[in-house]
Amino acid sequence: RQLPLVMLAVFTIAAPAHGAKPAWDQVKNVKESAERLGVLHRKSGANGVLKFLDACYRTHTLSSKYTSAVEGCVAQDVMYSRVLSAVYSRVPPEVRVERSLPTAEQIGAALQARVSVVVRQYALLPADMDMLQKLIDDHAMPIVLKIAFPNAAAAPSAQPDAKK
């Protein structure tokens, strides 16, 4: 089951405060973030990615300014949370409970909490969230899905469902 679009909107990140255009190429940044994430998933699996994301936030949020590295951490977190939600929602509930796998709602709530900290720390504007979400949808998700699931004829759908 996919996360409702309303929930996905909360899991995005905004550009620097006051609508200022970032000094970096955001398309390039989300594409590179997707490539790193896909390779890391192939090499280290979910646990490796989750450890990486934790270290990413711990390292890059030490900055007093919102940077491309912070944006990359959040973009990767959003992408991977969407992938995990899509994959885990296909697991039968009894198997998910037996293996202690989180639900899509639990994944979403955890992501929302992490991203909210970044949004508050850097005083990011909600108005820019849609723009970055579009960058992730249009440029990053196809890359991470292709790298992480190269043999899947139909990779797990991690795109937001506009009907929800």
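1. In this predicted model, the side chains of Arg58 and Asp54 meet in a salt bridge at 2.9 Å, N to O, where a salt bridge is a side-chain nitrogen of Lys or Arg within 4 Å of a carboxyl oxygen of Asp or Glu. Both residues lie in helix α2, four residues apart, about one turn of the helix; helices here are DSSP runs of H or I with at least four residues, numbered from the N terminus. Arg58 is exposed, with a relative accessible area of 59%, whereas Asp54 is partly exposed at 38%, the cut-offs being under 20% relative accessible area for buried, over 50% for exposed and in between for partly exposed, with a 1.4 Å probe and protein chains only.

2. This is a predicted model, in which local features need pLDDT of at least 70 and side-chain atom pairs count only at pLDDT 80 or more, while totals for chains, interfaces and linings use all residues. Residues are numbered from 1 along each chain as its sequence is written, and side-chain values use heavy atoms, with hydrogens and water left out.

3. The search of the whole structure finds five salt bridges, among them one in which the side chains of Arg82 and Asp137 meet at 2.8 Å, N to O. Arg82 lies in helix α3 and Asp137 in helix α6, so this pair ties together parts that are 55 residues apart in sequence. Arg82 is buried, with a relative accessible area of 3%, and Asp137 is also buried, at 17%.

4. Another salt bridge is formed by the side chains of Asp138 and Lys134, at 2.5 Å, N to O. These two residues are four apart in helix α6, and about one helical turn separates them; Asp138 is partly exposed, with a relative accessible area of 41%.

5. Arg96, in helix α4, deserves a separate look: the residue is buried yet has no salt bridge, and the nearest side chain of opposite charge, Glu105, is 6.4 Å away. Leaving aside neighbours within four places in sequence, Arg96 is in contact with Tyr88, Val91, Leu101, Pro102 and Thr103, contact meaning heavy atoms within 4.5 Å.

6. One disulfide is found in a search of the whole structure, the term being used for a pair of cysteine sulfur atoms within 2.5 Å. The bond joins Cys56 to Cys73, with an S to S distance of 1.9 Å, and the link of Cys56 and Cys73 is left-handed, with -90° about the S-S bond. Cys56 lies in helix α2 (residues 26–60) and Cys73 in helix α3 (residues 68–88), so the pair ties together parts that are 17 residues apart in sequence. Cys56 is buried at 7% relative accessibility, and Cys73 is buried at 1%.

7. Ser100, in the loop between α4 (93–98) and α5 (104–121), has a phi near 55°, a positive value in a residue other than glycine, and Ser100 is exposed, with a relative accessible area of 64%. Ala123, in the loop between α5 and α6 (129–148), has a positive phi of about 50° although it is not a glycine, and Ala123 is partly exposed at 47%. Most residues other than glycine have a negative phi.

Note on methods. Lys and Arg count as positive and Asp and Glu as negative; His and the chain ends are not counted.
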